[in-house]
Amino acid sequence: MSRAPSPCLLAANWKMNMDYLQTLDFLRRLSILLPESLRGKGPVEMALFPPFTSLRTAQVFSNSYRLPLSLGAQDVSPHASGSFTGEISASMLRTLGCEYVLVGHSESRRNHHETREELVGKVKNSVACGMRPILCVGEKEKGRGSWEEIISQSEEVFSDLEPFEREKVIISYEPVWAIGSSETASPECIFKAVSALKGETEEKFNLSPTVLYGGSVNEGNIGSLKGLGLGGFLVGRASLDPAEFAAIFQCLNEEEGGKR
Ligand code: PEP
């Protein structure tokens, strides 16, 4: 059973880092760092997106270490089952306790040349198996002052979904130029992009989606990014260090993080 959504989601995208032994060590260290007061159901939901090979370890040991962690996968097959060597289906992920799945991360878009049909298939299969897809959108170049690129990335998927599927989709605004760089988008840029995305989705689909921000979020800048009305954050590099990840979690908890 999925739990009721928290007002703020803090998602750790580990990318192709952390084998199962490193995952175990991360969880052990995180459990030492997290104060008792932050282990209950609070306003911020912590979710781990490890590589597929570490999902089972995270599933088993987050319980053993009494960590309030949800699980997500970094990708999913657009197909339900069958002759798709090397692919992982949504139902396999759900069986491992995944509640979320990333769809269309800019690195997957770039490296696997994902088509619109594949993105739609990934979303549909994830929803059918009871997971919430996190659809990543982001402009490639900085400072163009237009949100057409991100609006069309979300619209091309939303337009092929049924209303009940759209309702499950979380959008993550991740400017490509800010991912893995030393530069995060300014609060003003994030606010404008998220308002444009929400406005368009409201107008076209009569829906107000949860929107996260991702792109070089860290312990030093999280304080200036919360309070923008975001539904949370997708954190890459800074989530690999348990101390930094715990500090971000703590900072979001101090003021309820954002609002989904
Ligand atoms: C990401 O890849 O989703 C991401 C946000 O990475 P980083 O925090 O390292 O920019």
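Colleague: Which polar backbone atom is 2.9 Å from an oxygen atom of the ligand?

Modeller: A polar contact is a pair of N or O atoms within 3.5 Å; within protein, one must be able to donate a hydrogen and the other to accept it, and residues adjacent in sequence count only if both atoms are side-chain atoms. Here the backbone atom belongs to R237. A backbone atom of G180 is 2.7 Å from a ligand oxygen, and a polar side-chain atom of E174 lies 3.0 Å from one. This is a predicted model, in which local features need pLDDT of at least 70, side-chain atom pairs count only at pLDDT 80 or more, and totals for chains, interfaces and linings use all residues. Residues are numbered from 1 along each chain as its sequence is written, and side-chain values use heavy atoms, with hydrogens and water left out.

Colleague: Which residues come nearest to the ligand?

Modeller: A residue is near a molecule if one of its heavy atoms lies within 4 Å of it. Of the 14 residues around the ligand, the nearest are K15, H105, G180, S216 and G236.

Colleague: How many residues line the second largest pocket?

Modeller: On a 1 Å grid over the protein atoms alone, a pocket is an open set of points where a 1.4 Å probe fits, with protein on both sides within 12 Å along at least five of seven lines; lining residues have an atom within 4 Å of a point. The second largest pocket has 21 lining residues, with G180, G215, S216, G236 and R237 nearest its centre.
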